[in-house]
Amino acid sequence: MEGLRHRVRDVIRRSGRPQREFAAVMGLEASKLSKSLSGTRRFTAEELIRIADTAGVTVNWLLHGDDAADGGVSAPRVAVATEPPPDAGRDVRAAREQGRRRQITDAAWRLIAERGYHSVRTADIAAECGVSSAAIHYHFPTLRELLDETLRSSVKQAFDRQVAVLHGIEDARERLHRLIELQLPSPGHLAREWSIWMQVWTESALDPAMRELHADSYQRWHDTIARTLRDGAASGAFRADLDAEAMTVRLTALIDGLGIQVLTGRPGRTVEGMRTALHDFVTTQIEPPAGGAPATEHPHTSEGSP
């Protein structure tokens with residue numbers, strides 16, 4: 001993984017920060033970063049995500065040097081970083097502008113997730129960033145443009161997690177269960193990400209322009225699941241006669257429905273119950289039946305039932 005280490009060294013250099021300071025910004029012990037860069041330890045999935053987030057690149061670029069590389073996860077077509085950030089040592093202004101834009105986007109993402117798109121004002125984002133409202137308008141003339149950017153940010157974050165967590169996992173069954181785990185609205189970051197998506201769904205129903213951006217982003221998730229199902233059917237991990245496209249529609253609809261119920265606090269709906277219902281669906285509808293017995297549809301009485 002020398003290529004990975006080389007690219008991490010490059011983004012650290014481009015950040016204009018000493019290695020120890022870069023480690024502190026991403027919340028990693030400096031000694032661990034040094035060992036990983038020397039090859040005596042491996043970067044964890046979480047560390048790769050933090051490095052990509054701090055540097056403003058994607059995990060796929062860190063791993064492969066190219067966002068379009070085939071990492072087993074369908075790449076989003078919406079705008080994400082495809083090149084290393086500006087070199088702070090050579091172009092201080094460009095690096096500062098990119099850093100400010102990221103700061104604004106991150107602040108808006110948190111505020112919109114926690115308060116709601118229509119409750120967040122430009123002044124709120126400016127206060128969160130410690131800048132003037134004029135500075136926000138310089139980068140994002142309208143709140144709509146900022147909402148678009150928060151969606152792109154959510155797509156990047158989800159893509160980064162999938163690439164980092166699934167990298168090197170060949171078994172389709174394990175990949176599918178990991179993908180399910182990544183979609184649970186667990187308290188914290190994932191619940192906030194779900195909040196963003198639910199608001200985007202609402203806006204998409206009213207704004208045709210938002211629909212196109214949302215559809216493109218959602219297609220990436222659909223394609224990743226479908227690819228995993230096809231790989232599993234080919235390897236014997238899943239049913240040989242599995243219709244990957246049709247099953248992807250069913251599975252993603254189930255994930256969406258359960259996630260909304262959990263996030264909106266429907267009585268009796270929990271993250272753990274959602275996890276159980278999804279694993280039960282995979283066992284009964286996607287994996288080969290135990291002992292070769294034919295599969296049968298049956299009602300469920302778990303938390304996932306209406």
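I looked up the largest cavity first. Helix α11 gives the largest share of its lining, five residues. I take helices as DSSP runs (H or I, at least four residues), numbered from the N terminus. A cavity here is a set of points on a 1 Å grid over the protein atoms alone where a 1.4 Å probe fits but cannot get out; lining residues have an atom within 4 Å of a point.

The model is predicted: local features need pLDDT of at least 70, side-chain atom pairs count only at pLDDT 80 or more, and totals for chains, interfaces and linings use all residues. Residues are numbered from 1 along each chain as its sequence is written, and side-chain values use heavy atoms, with hydrogens and water left out.

Of its 15 lining residues, Gln183, Glu193, Trp194, Trp197 and Trp221 are the closest to its centre.

I then turned to the largest pocket, an open set with protein on both sides within 12 Å along at least five of seven lines. Its volume is about 510 Å³. I found 19 lining residues; Asp53, Arg102, Asp106, Gln157 and His189 lie nearest the centre. Helix α6 gives the most to this lining, with eight residues.

Last, I checked the second largest cavity. Its volume is about 30 Å³. Its lining includes Thr122, Ile136, His137 and Phe140. The elements giving two or more residues to that lining are α8 (133-139) and α9.

Terms used. Grid points are joined across faces, edges and corners, and a volume is the space filled by probe spheres set on the points.
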